[in-house]
Amino acid sequence: MAKGRIEVDEIHCKGCSLCTTVCPKDLIFMADARLTPKGYHPAELVDPDGECTGCAICAVICPDAAITVYRYIPARQTAPAVS
C-alpha cells in the first residue's frame, strides 16, 4: 500500500479547515497552539503511525493550494534476467 505525507504552507493556509473534512483517515487537524503570520490556526498532519496514503484529496480541496502531497510508492520488484 502506498504511503504518503503532506506539508502545509502556513504562509498560504487561512485555516478554513476544509482539508480536515475530507481526509479519509482523519489525520489532518487544525493546530490550536500555533498561528500563521496572518493570525490563522493552520492545518497540520497528525500521523504518528504513518497511515497517510498520499491520496491528495486534501490538496485538491484546498482553495489556496497550501498543501503539498508526497507519496511514496514502493519500487517494483523486477524479475532476474534469464540467460
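1. Let me start with Arg5, which is partly exposed at 29% relative accessibility. The side chain of Arg5 meets that of Glu7 in a salt bridge, with N to O at 2.7 Å. Glu7 is also partly exposed, at 38% relative accessibility. Arg5 has another neighbour to look at: it lies over the face of Tyr70, 4.3 Å from the ring centre. Please keep in mind throughout that this is a predicted model.

2. How many salt bridges are there? The count comes to four. As a reminder, side chains of opposite charge can pair when their charged atoms come close. The Arg5 and Glu7 pair is one of them, and the next two points cover others that share an arginine.

3. Have a look at Arg34 and Glu10. Their side chains form a salt bridge, N to O, at 2.4 Å. This pair joins distant parts of the chain, 24 residues apart: Arg34 sits in the loop between β2 (28-30) and β3 (43-45), while Glu10 sits in the loop between β1 and α1 (18-22). Arg34 is partly exposed, with a relative accessible area of 33%, and Glu10 is partly exposed too, at 26%.

4. Which other residue does Arg34 bridge to? Arg34 forms a salt bridge with Glu44, and the closest N and O atoms are 3.1 Å apart. Here again distant parts of the chain are linked, with Arg34 in the loop between β2 and β3 and Glu44 in strand β3, 10 residues away. Glu44 has a relative accessible area of 27%, so it counts as partly exposed. Taken together, Glu10, Arg34 and Glu44 are linked in a network of salt bridges.

5. In soluble globular proteins, nonpolar side chains tend to be buried together.

6. Is Ile6 buried or exposed? At 10% relative accessibility, Ile6 counts as buried, because the cut-off for buried is under 20%. Setting aside neighbours within four places in sequence, Ile6 contacts Ile28, Leu45, Cys58, Ile67, Thr68 and Val69.

7. Beyond its neighbours within four places in sequence, Ile28 is in contact with Ile6, Cys19, Thr20, Cys23, Ala43, Glu44, Leu45 and Cys58.

8. How many disulfides does a search of the whole structure find? It finds zero. Cys16 is partly exposed, at 34% relative accessibility.

9. Cys23 is buried, with a relative accessible area of 14%. As noted above, Cys23 is also one of the contacts of Ile28.

10. Two backbone angles are worth a check. Ser17 has a phi near 65 degrees, a positive value in a residue other than glycine. Ser17 is placed in the loop between β1 and α1, and it is partly exposed at 26% relative accessibility. Ala65, which is not a glycine either, has a positive phi of about 50 degrees. Where is Ala65 found? Ala65 lies in the loop between α2 (57-61) and β4 (67-72). With a relative accessible area of 64%, Ala65 is exposed.

11. One last item, on the rings. The structure holds zero aromatic pairs. For a ring contact to look at, go back to Tyr70, whose face has Arg5 over it at 4.3 Å from the ring centre.

How values were computed
Residues numbered from 1 in each chain as written. Predicted model: local features only at pLDDT ≥ 70, side-chain atom pairs only at ≥ 80, totals over all residues. Heavy atoms only, no water. Disulfide = S-S within 2.5 Å. Buried < 20%, exposed > 50% of the residue type's maximum accessible area, 1.4 Å probe, protein only. Contact = heavy atoms within 4.5 Å. Helix = DSSP H or I, 4+ residues; strand = E, 2+ residues; numbered from the N terminus. Phe/Tyr/Trp six-rings, centres within 6.5 Å; stacked < 30°, edge-to-face > 60°. Lys NZ or Arg CZ within 6 Å of the ring centre and 35° of its normal.
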